[in-house]
Structures are given as structure tokens and as C-alpha cells.
Amino acid sequence: MSQETIISLKGVVKKFEVGENDIAALNGVDLKISAKDFAIIYGPSGCGKSTLLNVISGLEEPTSGTVDIRGEKIYNYTEDERSKFRSDKFGIISQTSNWVKSLNVWENVAIPLVLKGATFRESKERALAVLQEVNMEEYANLAPAKLSGGQQQRVSISRALIRNPWIIVADEPTGNLDTHSADLVMATFKKLNSKSRRTIIMVTHNLIYLPYATLKIGMKDGIIESHSVVEIAKELEKEVKVLKGAK
Amino acid sequence: MKLSQIFLLAFKNLLVKKSRTIFTVAGVVIGIGAIMFLVSLGYGLQKLVTEQVVQFDAFYIVDVNAGDSSVIKLNDEAKNKITDISLVEKTGSDVDLAGKVKIGSSATDAVFYAIDKNYADFDKAKADTGNFINTESKDNEIVLSKSVLNLLGVKDAAALIGTEISSDLIIVKNLTADNNSKNITDAKFKLVGIINDENLPYAYIPIRVAQDAGAVNLSTLKVKVSDRNKVDTLRKTIENMGYKTEHVSDTLAQIDQIFYILKIALGITGFIAMVVALLGMFNTLTISLLERMREVGYLKIIGARNRDIFLLFSVESILIGILGGIFGIVIGFVIQSSINTIISTMAVKYGAFPIKIFFTPYYFALGMFVFALLIGFLTGLYPARRAVRVKPLDVLRYE
């Protein structure tokens with residue numbers, strides 16, 4: 001497998017102002033992700049997982065440090081240039097799908113192409129093809145809200161795929177799904193990574209999916225602690241107990 | 001994003017909330033319809049009054065007089081000069097005399113209009129009983145207003161037609177060559193017709209009578225212009241010669257001013273309905289944005305530019321404006337036409353001329369359409385700008 005580095009972060013710090021205090025969500029992150037990676041970012045709540053993902057996908061400018069995507073320092077770009085870069089190179093999937101309610105499934109999948117300047121009619125064939133890739137073509141003419149959570153997430157993946165991006169970033173894509181649906185989504189990611197050779201970067205709470213990863217990025221308090229999976233697992237277990245206690 | 005696709009998406013967005021869209025558009029329809037209805041009433045009444053006040057031909061006639069000047073004379077020389085102006089088609093002359101009409105032992109004061117044929121034509125002067133004077137006839141003919149005969153105590157006016165009438169006339173001094181007034185005593189006329197005017201005592205006689213007795217200047221010269229649009233040019237040319245001019249547009253300007261104010265008042269009344277509609281439209285668009293914050297944020301994440309978002313929301317409000325404008329104009333027009341038809345039918349039924357009290361000039365209808373479009377754009381401006389300011393990451397954070 002090629003080890004070509006596609007994403008490189010050096011000394012990335014991201015601070016948020018909360019009242020009068022600065023809180024560091026990322027506290028000096030160095031990271032390299034190669035083109036063939038299926039990277040999973042995991043860790044307890046508030047460790048900075050999502051912030052790291054947003055920094056990588058050009059949505060959250062770091063307070064300091066550099067972010068290179070295939071040699072391009074994306075935060076040297078203006079916001080509009082970065083937005084264009086992001087929509088060209090990244091497919092973005094979030095925990096809940098956000099649909100344009102007036103459009104059906106295939107039209108929603110086609111939206112990234114339409115935003116790029118194509119018409120809906122021109123984009124239909126490609127939309128149906130990517131829906132087929134996630135076995136959702138039979139639902140093409142339904143309203144997305146009519147689908148189950150798992151089905152919606154697979155449509156969401158096909159929407160992320162339509163512009164043939166280098167990198168797919170997914171923030172808790174299985175967070176709202178039952179086990180079966182979540183497994184289907186993970187299997188789809190695996191297939192995209194191994195067969196379609198796309199870089200996958202995924203954020204999750206759920207350590208069950210760690211075996212899918214070729215790069216495991218464990219986080220705690222805004223820094224990467226790749227060698228303490230067990231420790232992080234314990235933290236997560238504690239979190240689960242607290243949640244159960246609360247119930 | 002292509003503009004055609006923005007329109008398509010905006011249209012689909014409006015269709016998602018059908019009843020909300022219909023009610024919002026209905027508000028604009030009522031607003032535009034109300035303005036159309038009321039202002040068209042203003043235009044209609046103005047047209048009605050204008051047509052009553054002036055006949056079409058009157059627009060071609062300019063009245064010329066010497067004003068109060070004792071130096072400037074409206075004599076034959078002046079008449080020839082004016083007739084020679086290229087814009088002048090022909091002229092009609094009038095000399096106003098004071099005098100008495102005598103029948104038997106009774107006598108009453110009257111104004112005598114001594115006129116030529118052109119003047120009579122321009123003035124559309126006619127008798128209601130009998131005929132109007134033939135200015136070229138050898139007989140000195142006269143037409144009297146009913147008022148004269150009433151003052152003289154005549155009961156059966158029609159019986160007098162064909163009889164001889166005697167009059168004393170005075171030619172005032174500014175009409176004569178030597179600037180001395182002249183009297184004509186016991187001038188004999190043949191009564192040929194009567195005008196049904198019981199308010200003013202006056203008579204029409206041939207101009208020859210006054211001129212033979214020494215009137216060298218005219219009281220009024222009616223000038224017919226060859227091109228209606230050149231009236232102002234002609235008036236300026238004549239006024240530069242020192243004469244005063246009058247034209248029906250002077251009266252019309254006053255009428256227009258009154259109706260201008262009326263139309264504004266009616267327009268404002270309609271605009272109140274429009275303001276209510278606009279508040280409703282603004283409310284709808286703002287709520288629609290709030291409902292779609294996540295949608296907007298996510299569109300930005302997957303590549304929508306600020307321009308796309310701005311246009312999407314603007315086009316939605318413009319579409320509401322356009323639909324409201326078209327339906328408002330059409331419905332307003334249908335209601336006006338119906339009322340016009342009903343009133344005309346009733347008028348004809350009761351033996352009157354058919355009248356139209358509503359009139360919509362095409363430029364006003366076009367103006368209303370542009371207004372609706374503009375209102376749509378302006379109302380959508382705030383929600384559209386607010387949509388542009390949506391921060392995409394906030395959408396992800398609040399999941």
C-alpha cells in the first residue's frame with residue numbers, strides 16, 4: 001500500500017473563547033494521513049475529535065499551526081477559495097443528514113453537482129450511479145425524510161461521493177443508527193476505502209469500529225495519544241456508566 | 001449555481017409549503033389589486049371629466065388676444081402674420097361688441113359675438129332651434145341665446161324665428177382705428193336660430209357687421225394648429241409677437257392637478273393594503289429561513305457560495321412578488337371591466353351614453369408589475385442577507 005501523505009498537520013492549536021477564558025480544543029496536534037488510510041479519530045466527549053475533523057476539512061481555521069492537503073496550505077486561502085477546495089476535494093458526511101426538503105433523494109444527491117454549475121437533468125445519471133454504489137437506487141424518487149436513519153445515512157454517503165472526492169470525512173456517521181444499519185454504513189466505508197481507493201477520515205465514539213481503521217487516532221484533552229487505546233477505552237466505559245446512572 | 005437551477009429550486013421550495021405560499025401570494029394580490037382598483041378609478045374619472053370638458057378638436061385650437069395692451073393690436077396685419085406661420089392651418093376671427101337687443105318696446109343688454117365662418121366651425125357653434133347664422137349670407141343674420149328672449153319676456157321663442165330684430169351696438173375704443181368708440185344704432189338682423197342657454201344673454205352675428213361699422217381690430221383670433229404636438233411651439237412663437245394665448249391644456253392642467261392629488265390619495269389607501277401584505281410576506285420569508293437554517297448551513301458546507309444562497313432566497317421572494325403582481329393586475333382588471341360593463345349596461349338601459357369609470361393605462365399596469373417585482377426583491381433582502389450570514393459550522397455543532 002502506498003504511503004503517500006495526503007494530509008499533514010503540524011502544531012495545530014485551536015482555542016475557543018468561552019466567556020473570558022480561552023479553552024483549547026486542540027493543543028498542538030501533529031498528524032499525517034496517507035492516501036490509502038481509513039483513519040478513525042476516537043476519544044471521549046470534548047476531547048477535540050470533531051474540531052480536528054473540521055480543521056482537516058477546512059471548516060475551522062486553527063489558532064496556530066499548519067494544515068497541508070496534498071501540499072496546499074488551505075488556511076492561506078480565502079474563505080471562498082477554501083470553500084471551493086473543500087467542495088472539490090472532500091465528501092462530507094455528518095451525524096444527521098441535512099436535506100433540501102423540496103427535493104427528492106436523487107435530486108438531493110445531485111445538489112453538489114448543481115452547486116458546481118450543472119443542471120439537475122444533467123446530474124441525474126451520475127446521481128443514480130452513486131446511489132447504486134450504496135444500494136439505494138430504488139429509493140431515488142422518494143422524499144429523503146421517508147427513509148430510515150440508516151438509509152438516509154447511505155444516501156448521505158452517495159451525496160458525498162457524487163463529485164468523486166479524494167477524501168471522505170464523516171463525523172459520527174453511525175451515531176444515530178441501530179447496530180445493523182451502522183454495520184451497513186461501516187461496510188460501505190470499508191468498500192470505498194479498499195475498492196474505490198478513497199481516503200476515509202471518520203470520527204466516532206464507538207470503539208467497536210476500530211478494527212476497520214488502518215490509522216487509529218486516539219485523542220484526549222486536545223492531543224493525540226495513539227498509544228493509550230486501553231486508557232481511552234476505560235474513559236469511554238466510565239462515560240457510559242455515568243450515562244447509564246443518569247438514566 | 002446556474003440561475004435557471006436557482007429558479008427551479010426556489011419554485012420547488014415554494015411548492016413544499018403550498019398553503020403558506022398561496023396565502024402569502026394572496027396578500028400581495030389583494031395589495032396590488034387594491035392599488036390597481038383605486039388608482040384606475042382615479043384615471044377613469046379623470047378621463048370621463050376630461051372628455052366631458054373638451055372635445056378632441058379643441059386640442060388643435062389656440063386662442064389669441066391682445067391682452068390688456070393698448071399698444072399691441074390684433075388687426076388684419078397681425079392676422080396675416082399669424083396665418084403665415086407654418087404650423088398654422090387656418091384662423092377664425094371674432095369681434096366682441098356690447099349692445100342691446102330690442103323687440104317691440106322691450107330692450108335688454110347682451111354680448112354680441114361678431115364672427116366669421118372658421119370661428120363658428122372651430123367653436124362648433126350651433127343653434128338648438130332653427131339654424132346657426134350663415135356668415136356669408138347677404139342678410140344680416142342673428143342667433144340669440146334663450147336668456148335674451150327670457151329677459152325680453154318672449155313666451156313663444158320659436159315663433160320669432162324668421163322675424164326682424166333690431167339692435168344697438170357699441171364698438172369699444174380699442175377695436176377701432178382712431179381709438180374712439182363707435183355706435184351702431186338700429187341695426188337690423190334676421191333671427192335664424194336660438195341657443196338653449198338660459199344663463200347668459202348673448203348673440204352671434206356676422207363679423208362683417210362690426211367691420212363695416214369701423215372695427216379694425218379683433219377681440220380673439222382662433223388659430224388651428226396643423227400638429228397637436230406642436231401647440232407649445234406655436235404658442236411661444238405667437239407670444240413672442242406680443243400676444244396672449246390660451247389653450248385647452250391650461251384648463252386640463254388644472255383638472256390634471258386635481259386628479260393627480262386624487263390618484264395619490266387613492267394610491268395611498270391601496271398601499272395600506274399592500275403594507276399589510278408586505279408584513280405577511282416578510283414574516284413568511286423570515287420563518288421560512290429559520291426553518292431552513294440547517295439546510296442553508298449544509299448547502300454551504302457542500303459548496304454553495306454566498307451568492308447562491310442570497311439568490312435562492314431573493315428569487316423565492318421575487319417569485320412571490322411576480323405571482324402576486326400578475327394575479328393582482330389580472331384580478332383587478334377583471335373586476336374593473338365587470339363594473340364598467342354593468343354601469344354601461346345600466347346607463348344604456350336608462351337612455352344615457354355608456355360610460356367607463358375605470359381606466360387603466362398600460363404603463364400604469366406595467367408600473368404595478370415592476371412595483372410588485374421590486375417589492376418582492378426588497379422584502380426578501382433582509383431574510384436573504386441573514387441566510388448569507390449563516391455559519392455552516394454552527395449547523396454541525398448543534399447536531
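This is a predicted model: local features need pLDDT of at least 70, side-chain atom pairs count only at pLDDT 80 or more; totals for chains, interfaces and linings use all residues.
**Stop 1: where the chains meet**

Begin by selecting both chains and looking at the places where they touch. Here 23 residues of chain B are in contact with 24 residues of chain A. On the chain B side, three helices each supply at least two residues: α1 (3-16), α9 (293-301) and α12 (392-397). Which of them gives the most? Colour α1(B) and you have it, with seven residues. If you then colour this side of chain B by residue class, you will find 12 nonpolar, four polar and seven charged residues.

**Stop 2: an enclosed helix in chain A**

Next, select residues 49-56 of chain A, which form helix α1. Is this helix enclosed or open? Eight of its eight residues are buried, so the helix is largely enclosed by the rest of the structure. Now move just past the end of α1(A) to A:Gly58, whose phi is positive, at about 80 degrees.

**Stop 3: two helices crossing**

Staying in chain A, select α3 (residues 105-116) together with α4 (residues 120-133). Their axes come within 8 Å and cross at roughly 115 degrees, and the crossing is right-handed. To see the contact from the α3(A) side, show A:Trp106, A:Glu107, A:Val109, A:Ala110, A:Leu113 and A:Val114. From α4(A), the contributors include A:Phe120, A:Lys124, A:Ala127, A:Leu128 and A:Leu131. By class, this contact has 10 nonpolar, one polar and three charged residues.

As you look along a helix, keep the turn in mind: with 3.6 residues a turn, residues three or four places apart point the same way.

**Stop 4**

Finally, go to chain B and select strand β6, residues 164-171. Which side chains point to the buried face? Those are B:Ile165, B:Ser167, B:Leu169 and B:Ile171.

Strand β2 (residues 88-103) of chain B runs antiparallel to β6(B) and is joined to it by five bridges; in one pairing, B:Lys100 has B:Asp168 as its bridge partner. Strand β7 (residues 182-195) of chain B also pairs with β6(B) in the antiparallel sense, over seven bridges. To find a place in that pairing, select B:Ser166, which stands opposite B:Lys188 of β7(B).

Definitions and conventions: Residues are numbered from 1 along each chain as its sequence is written. Chains are lettered from A and ligands numbered from 1 in the order in which they are written. Two residues are in contact if their C-beta atoms, placed from the backbone, lie within 7 Å. Helices (H or I, at least four residues) and strands (E, at least two) are DSSP runs, numbered from the N terminus. Ala, Val, Leu, Ile, Met, Phe, Trp, Tyr, Cys and Pro count as nonpolar, Asp, Glu, Lys and Arg as charged, and the others, Gly among them, as polar. A residue is buried if 20 or more other C-beta atoms lie within 10 Å of its own, exposed if 12 or fewer, and partly exposed in between; C-beta atoms are placed from the backbone. Two strands pair if DSSP finds at least two bridges between them. Axes are lines fitted to C-alpha atoms, for helices over the stretch in contact, and angles run from 0 to 180 degrees between N-to-C directions. A crossing is left-handed if the near helix is turned anticlockwise from the far one by less than a right angle, and right-handed if clockwise.
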